[in-house]
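Visitor: I have a model open and would like to go through it with you. Can you take me from the whole chain down to single residues?

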Amino acid sequence: MKKKVILFLFLVLTIHNIKAMTFELFKLPYATDALAPVISQQTIELHHGKHLLAYVTNLNNLIKGTKFENSTLEEIVINSDGPIFNNAGQVWNHEIYFATFSAKGGGEPTGALAEAIKASYGSFEDFKKEFSAASVSLFGSGWAWLVQDKAGKLSITKESNAGNPLKSGMTALLGFDVWEHSYYVDYQNRRADHINALWSIIDWKIVESRYSK
């Protein structure tokens, strides 16, 4: 009888201590002033420390008591909709985005990704022009993505608001955020100037690590 009581108390305490998954703010791999002047310290502090933090906080609050409270971020993005998707999608998008840059970035991709871009677009410069055009021409808020499908084919997509490749079963290689909060402090309404400047801080080693043959 004593053993049963002990076992029961153990189970109660274990269940009581099980916590729903809590998402945390993505930790930047560089200082907040490292990407200046392309992205200023003020923009990083607002974009990462305010906007992204708000998405993380909202997501944690929204999933409480739902079927998603113990799901991974990827599972939530793929299977959710409405406010939960909007916040989960933006958390996922921004983690890809912020991890893409480096103060020592720029140049061009190498290896297998470089060959894939050349095969799909003719040259890196032609790819760059097409990706920039997609980023600049997207109406309203959203994202431009370089994606890879399950067959390995590359394509450039445009997504509104929190839209992302993961929802469509694609692998995201590169994403540019064209919500105004990502550039307005530094470039006002000059989205094209912002996009052109981003190429100088892309860490192609990170982008290449997302690509698989």
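**Chain and contacts**

Guide: In the protein chain, residues 24 or more positions apart make up 70% of the contacts with a separation of 6 or more, a contact being heavy atoms within 4.5 Å. This is a predicted model, where local features need pLDDT of at least 70 and side-chain atom pairs count only at pLDDT 80 or more, while totals for chains, interfaces and linings use all residues. Residues are numbered from 1 along each chain as its sequence is written, and side-chain values use heavy atoms, with hydrogens and water left out.

Visitor: What order do the elements of the protein chain run in, from the N terminus on?

Guide: The order is α-α-α-α-α-α-β-β-β-α-α-α, with nine helices and three strands. Helices (H or I, at least four residues) and strands (E, at least two) are DSSP runs, numbered from the N terminus.

Visitor: How many bridges join strand 1 to strand 3?

Guide: Six bridges join strand 1 (residues 142-148) to strand 3. Within that pairing, A144 stands opposite F176 in strand 3.

Visitor: Switching to F98. Buried or exposed?

Guide: F98 is buried, with a relative accessible area of 1%. Buried means under 20% relative accessible area, exposed over 50%, and partly exposed in between (1.4 Å probe, protein chains only). F98 lies in helix 4 (residues 82-99).

Visitor: What is F98 in contact with, leaving aside neighbours within four places in sequence?

Guide: F98 is in contact with F26, L28, P29, Y30, I44, H47, H48 and L52. As for H48, 50 residues from F98 along the chain, the two C-alpha atoms are separated by 8.3 Å.

Visitor: How much of the protein chain counts as buried?

Guide: Of its 213 residues, 42% count as buried.

Visitor: Last topic, charges. Which side chains meet in a salt bridge?

Guide: The side chains of D193 and R190 do, at 3.0 Å from N to O. A salt bridge is a side-chain nitrogen of Lys or Arg within 4 Å of a carboxyl oxygen of Asp or Glu, and by this rule the count comes to one.

Visitor: How accessible is D193?

Guide: D193 is partly exposed, at 38% relative accessibility. R190 is also partly exposed, with a relative accessible area of 37%.

Key:
Two strands pair if DSSP finds at least two bridges between them.
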